[in-house]
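Please read them with the model open.

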Amino acid sequence: MSSENPSTLHHKQDVDAESHYFDDVAAHRVFDEFTEAQYSLVLKMMLQGVARGGRVLDAGCGSGAWLAALARNGWDAFGVELSPAQVAQAQSFGLSAVVGDLLALPADIGQFDAAILCGVLHHFPSHSERVKVIKIVAGVLKPGGVLASIDPNGSNTFVQLAFHLHAEVSPNELCLRERELRAA
């Protein structure tokens, strides 16, 4: 059984609804969920083998919490985010980010030593879109580059409960189970 809710299931992300939702969120919140030590630990695991100073793309960077953590830990970080207000937040912290759709990355974005997707895949309503995002983001990596992704594990009962009780859920968000994330 899929955790994808049939009432919200569609085959394409509603880009406008997603962008507007996160623009509204930016008016009252900055996504910064972890301590500095937690960010460092997760990045160390995600970017194992990527030299400090390497260029890292934060695909779906939101307000820039992971961008800031990348910079604090010695990587050259650059972000792409769908929401103009979230990009403005990231830029207000002195971070490098541009507005862009992950399904249509800007042609001049360049190549990266690594790319991270932190809490991004569950915003794409279909398996085919999740696969497409991964392929597109992987396409901006240098040969041998690292692609790492983390998302809430919907196989965990506490994650399911938190997800379904959470007041701030975008129009496209799904509580994906581990097998659905791994399948992508």
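1. How many bridges join strand β1 to strand β2? Five do, between residues 55-59 of β1 and residues 76-81 of β2, and the two strands run parallel. Arginine 55 stands opposite aspartate 76 in β2. Strands (E, at least two residues) and helices (H or I, at least four) are DSSP runs numbered from the N terminus; two strands pair if DSSP finds at least two bridges between them.

2. On provenance: this is a predicted model, in which local features need pLDDT of at least 70 and side-chain atom pairs count only at pLDDT 80 or more, while totals for chains, interfaces and linings use all residues. Residues are numbered from 1 along each chain as its sequence is written, and side-chain values use heavy atoms, with hydrogens and water left out.

3. The open sheet has five strands, ordered β3-β2-β1-β4-β5, with parallel pairing. Because β3 (97-99) and β5 (141-150) are at the edges with a single partner strand each, one side of each has no neighbour in the sheet.

4. Helix α3 (residues 65-72) packs on the sheet and touches β1, β2, β3, β4 and β5, where contact means heavy atoms within 4.5 Å. The direction of α3 makes about 170 degrees with that of β2; axes are lines fitted to C-alpha atoms, for helices over the stretch in contact, and angles run from 0 to 180 degrees between N-to-C directions.
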